[in-house]
Amino acid sequence: MTRFLKSREAILLGALLALVFLAETRFSGFAAPGNLVRIFNDTSILIILALGQTMVILTRCIDLSQASNLALTGMVTAMMNAAMPGLPVPLLILVAVGIGLVLGALNGLLVWKLDIPPIVVTLGTLTIFRGLVFLVSGGAWVNSHEMSAAYKGFPRADILGLPVMSWIALATIAAFAVAVNRTSLGRAFYAVGGNPGAAVYTGIDVGRTRFWAFVIAGGLAGLCGYLWVARYAVAYTDVAGGFELDIIAACVIGGIAISGGLGTVTGAVLGALFLGTIKNALPVAGISPFWQMAISGTAIIVAVAVNRRRTPGRIILKEAKA
Amino acid sequence: MKDTSPESREVLSLEAITKTFPGVTALNDVALSLYPGEVTALVGENGAGKSTLVKILTGIYQPDGGTIRVDGAETRFPTAIAAQSAGITAIHQETVLFDELSVAENIFLGHAPRGRFGLIDWARLRVDAKAILERIGARLDPETPLKELGIASKHLVAIARALSVEARVVVMDEPTASLSQAEIEELYDLVERLKAEGKAILFISHKFDEIFRIADRYTVFRDGEMVDAGRITEVTEDQLVEKMVGRTMDAIFPDRTFDPGPEILRVEGYRHPTEFAEIDFTLRRGEILGFYGLVGAGRSEVMQALFGVTRPSAGRVLLDGQEIVIRSPADAIAQGIVYVPEDRGHQGAITALPIFQNVTLPSLPQTSRHGFIRMAEEFALAREYTERLDLRAAALDQNVGNLSGGNQQKVVIAKWLATRPKVIILDEPTKGIDVGSKAAVHAFMAELAAEGLAVIMVSSEIPEILGMSDRAIVLRDGRIAGAFEREDLTPEILVRAAAGYAEVA
């Protein structure tokens, strides 16, 4: 318990609670359970994407293409739904996840087999995927009235007082909490990012491990493609434009070290919630969107500064040659 | 050589220099003097403190104690620039130059001639570079990008760079290590020129023939201490070897009786395009096989190939009489061959992960059910092996980064033992760890061998090879230079085989 109180997650949780409290003083009712549930639901997509991104960052890589992947998969499912309203929604979700996995695998293969730096690979695929949205749709929008009620209704459907979207986010969090701590692959993510050289000597295939991180991030981006388009009931080329930076910001605020090997699922979730709360709280407090951007940016830098004081452990004997 | 009371005109002198790193004393109360127009050879085994001394001389390390004098005046080199402006320059084993820049740019990087408005005067830079290259007899075009040059030419550029700053002291750290015979001859000529120009030269080398050929003086380091110094004419090769290896076996090694089991590993005709060739050896259960050689002799490279980190171009590996193919470390681990690398910082422990996760990392399949790790079993496995290695840590969920060097090494060894290997390769297992941990690692190696594990120990420490090995193989320049039974092992035999000095009887 004392260890938790000293962890960066505890600091972040404290900051999150302080933020909610502050917003409550400016706008009574902000901290009401109903509003908090609404904020969580609004942040669901960011949480899911941030978890995928966390896996990638843990392996000392980065995925800038998630938002474009989301836009492409969202557009494809929207067009399928518009063309064939009879297709069951679960099938469309499978298609979304499937396309997302393939796009993620493309990133992963380029990083693994061609050894191209991840930032370059995903900067490229960010543009390519976004361009494909335009090619697939011809630049046309898929509007609410073209989508079936089932398609739009699924993320909003209420189960035990929570929308399905929130349940999906909770399920994703739970799955990651288990997978990261209890599977070899989860452990390999930390090993590869923490010390790639040592990971090789431990029999871990660094490239393959990174590949799987990209595949996971891609699959989740695909899932979010459907969720996003269905929830906002519109698909167009610029859906979620620039959202990749929010995802990375959530990870960084959550204490996922950009240098890899350090970070937790809890951290990523809290980071996403912190960012989500800022975005919700500032408008109700009547703060202009430009200030919001400045405040979000400040939060990132403060978060990194706070995390900096914890070094991931000294490397002894950097210079053992005497 | 005119010899007018040289003691009074030393250019550079070090007195009582001490330097310690966590857990290791790299230099203890050493002295060194360099004289103009003379070559001083610095000899010593790997780990004797030579490189540390060079780093102190060039301002990269700060000594913990002692005095540096230039022309008799006490001084300090807080930065590499400070050492350079005091006229000290070093030519390293691995030349530290810039591949993408031209020869001329490399020579003058950081002190290029300036023209108007403080901009670099390119025309003069080229002319000056040409002049310096001619001075050292190097036929190089100043415009050539450095990456197009061979190692020998790069050395020449490094030397030209040294002269361009009007160096008075030139440190050469194993300059001939990667040169051909013809190139070495050219280097000797150059050293003569530098001597004639009155430079004081510190020449670090393992090769006795060249020491006796070009040095005027010698200084011997052993285990971080200066053992002897004098004029080269007053010493013989045998005496120098003896001073280098010393007669004391101060470390205490565990008593062990070698009870050889059946052959477990056989390596035949092992070859790598650039690192090693004609490597044949066998290993038996219960045996500790030492691999000795100078740094760069190819010992680690052979082991890395065996472990699947690099691919050999030819050769067979037989384990228990069965030929095996190792394509990756995962293959090697699956076959029961594990490797504890030398560079623990970069290849050993994952410092941001807790102890128990480091230990179980290669054993996760054994502690998992249906793809999920069983934490209790994982913890038990980690506890079993850390206890066996007598690891002193507050808790197993403590991060490895907070442990001392000796304990980090124990974590890495525990990690491999937990995979229950057949062959364990330990690369410099006690390098840079404190004496207490060293003894623990040695005792443990003896215990492993007694249990029937086959151990390969790569070591640059002669006492360790002598004290621990049942047999020892010496590598030189990527080839086996000799294989010796325990009873035949002496420090002299090892040094001679490794350095290629004289014929081993």
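**Exercise 1.** Describe how helix α5 (residues 89-113) of chain A and helix α6 (residues 118-137) of chain A cross, and which residues make the contact.

*Solution.* In this predicted model, local features need pLDDT of at least 70, side-chain atom pairs count only at pLDDT 80 or more, and totals for chains use all residues. Residues are numbered from 1 along each chain as its sequence is written, and chains are lettered from A.

Step 1: the axes of the two helices, which are lines fitted to C-alpha atoms over the stretch in contact, come within 9 Å and cross at roughly 145°, on a scale of angles from 0 to 180 degrees between N-to-C directions. Helices here are DSSP runs (H or I, at least four residues).

Step 2: the contact, meaning heavy atoms within 4.5 Å, is made by A:L103, A:L106, A:N107, A:L110 and A:V111 of α5(A), together with A:P118, A:V121, A:T122, A:T125 and A:F129 of α6(A).

Step 3: these residues divide into seven nonpolar, three polar and no charged, where Pro counts as nonpolar and Asp, Glu, Lys and Arg count as charged.

**Exercise 2.** Find what radius of gyration chain A has, and how it stands against the globule rule.

*Solution.* Step 1: the rule, 2.2 Å times the number of residues to the power 0.38, goes with a radius taken over C-alpha atoms.

Step 2: for 322 residues a compact globule would have a radius of gyration near 20 Å, and chain A agrees because its value is 20 Å.

Step 3: along its principal axes the C-alpha trace of chain A spans about 75 × 50 × 35 Å, and buried residues (under 20% relative accessible area, 1.4 Å probe, protein chains only) make up 54% of the 322 residues.

Technical notes
Heavy atoms only, no water. Helix = DSSP H or I, 4+ residues; strand = E, 2+ residues; numbered from the N terminus. Buried < 20%, exposed > 50% of the residue type's maximum accessible area, 1.4 Å probe, protein only.
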